[in-house]
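Subject: Structure handover

Hello,

Here is the structure we talked about passing on. Please open it first, then read the notes below.

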Amino acid sequence: MFLRHKKLELPTPDQALPGRLIEMPVADTHTVLGTPLKGPWPAGLEVAVFGMGCFWGAERIFWRLPGVYSTSVGYAGGFTKNPTYEETCSGTTGHTEAVQVVYDPSKIAYEDLLKAFWENHDPTQGMRQGNDVGTQYRSAVYTTTDAQLATATASVEAFQPVVTKAGRGQITTEIRPLTQYYYAENYHQQYLSDTKNPYGYCNHGPTGLNYCAPPTQTDTAS
């Protein structure tokens, strides 16, 4: 019971594991897209990071979107440097399982990524997602630009009425600027790809709730 309770509470910085200086080694190339798994990224591309429960299914959602250049899974939102999967699942790192999405904003808008995020998981469950329980499964949006932060914040206000109408309560998604993203172990990368585990565990999919981006100032003025 104590362990279950502990896993539902985020540790403070002094309680978190220290981690390590050595980065997790990963493959050079994305299994599905054939693009680099790590930067530096080509000029003009942007990076977004999302947490929506188990990162296996979440990553597959994003690599299928046109305009996405590369994806990877990792850990974000916590304190431990270069954590392992086991450490993250222990609830002693503060991290959530996350997906890094590298995209071309001339081909896909950040709001389109948010639409995929909001519509494919339940953002009202706190420290869990379905049967997956723990701080590492919390819903989160970690932004890399001021524009992303403003758009993500506005998206919560736009989506909450839809969620409320469906009887699902308050959105608990954590939204804040990204501090650090740490790559997960290589066997987690593109885990649900056809060459790895095409029929592996995944609890993601359309929830039946539709997200519509809020009108911009330009839209309002027109």
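Helices (H or I, at least four residues) and strands (E, at least two) are DSSP runs, numbered from the N terminus. This is a predicted model, in which local features need pLDDT of at least 70 and side-chain atom pairs count only at pLDDT 80 or more, while totals for chains, interfaces and linings use all residues. Residues are numbered from 1 along each chain as its sequence is written, and side-chain values use heavy atoms, with hydrogens and water left out.

**Overall**

The protein chain has six helices and eight strands. Along the sequence they follow the pattern α-β-α-β-α-β-α-β-β-β-α-β-β-α. The C-alpha atoms fill a box of roughly 55 × 40 × 35 Å along the principal axes. The radius of gyration is 17 Å, which agrees with the value near 17 Å for a compact globule of 222 residues. That radius is taken over C-alpha atoms, and the globule rule is 2.2 Å times the number of residues to the power 0.38.

Of the 222 residues, 47% count as buried. Buried means under 20% relative accessible area, exposed over 50%, and partly exposed in between (1.4 Å probe, protein chains only). The chain exposes about 10800 Å², and carbon and sulfur atoms supply 56% of that area. Accessible areas come from the Shrake-Rupley method with a 1.4 Å probe; for residues, only the protein chains shown count as cover.

Contact means heavy atoms within 4.5 Å. Among contacts with a separation of 6 or more, 79% are between residues 24 or more positions apart.

**Strand β3**

Start with β3, residues 96-103. Eight of its eight residues are buried, so the strand is largely enclosed by the rest of the structure. In a regular strand the side chains alternate between the two faces of the sheet. In β3, T96, A98, Q100 and V102 point one way. E97, V99, V101 and Y103 point the other way.

Which strands pair with β3? Two strands pair if DSSP finds at least two bridges between them. Strand β1 (residues 46-52) runs antiparallel to β3, joined by five bridges. V49 has Q100 as its bridge partner in β3. Strand β2 (residues 68-76) is also antiparallel to β3, over eight bridges. There, T71 has V101 as its bridge partner.

**Helix α2**

Helix α2 covers residues 55-63. Nine of its nine residues are buried, so this helix too is largely enclosed by the rest of the structure. The buried residues include F55, W56, E59, R60 and W63. They pack against β1, β2, α3 (85-89), β3 and α4 (110-119).

**The cores**

A nonpolar core is a set of buried Ala, Val, Leu, Ile, Met, Phe, Trp, Tyr and Cys residues joined through side-chain atoms within 4.5 Å. The largest one has 35 residues. Those with the most contacts inside it are F50, F55, F62, Y110 and L113. The elements giving two or more residues to this core are β1, α2, β2, α3, β3, α4 and α5 (146-165). Of these, α4 gives the most, with six residues. A second, separate core has twelve residues, including V49, V102, A140 and Y181.

Leaving aside neighbours within four places in sequence, Y110 is in contact with A48, F50, Y103, V141, T143, Q148, T151 and A152.

**S139**

S139 is in strand β6 (residues 139-143). Is S139 buried or exposed? S139 is buried, at a relative accessible area of 3%. Its side chain makes two polar contacts worth a look. One is with the side chain of H121, at 2.8 Å. Another is with the side chain of T173, at 2.7 Å. A polar contact is a pair of N or O atoms within 3.5 Å; within protein, one must be able to donate a hydrogen and the other to accept it, and residues adjacent in sequence count only if both atoms are side-chain atoms. Not counting residues up to four places away in sequence, S139 touches G51, F117, P123 and G126, among others.

**Backbone points**

A cis peptide bond joins G39 and P40, with omega about 10°. P40 lies in the loop between α1 (2-6) and β1.

N82 is not a glycine, yet has a positive phi of about 45°. N82 sits in the loop between β2 and α3. N82 is buried, with a relative accessible area of 10%.

Q190 is not a glycine either, and has a positive phi of about 50°. Its loop runs between β8 (181-183) and α6 (217-221). Q190 is buried at 1% relative accessibility.

Best wishes
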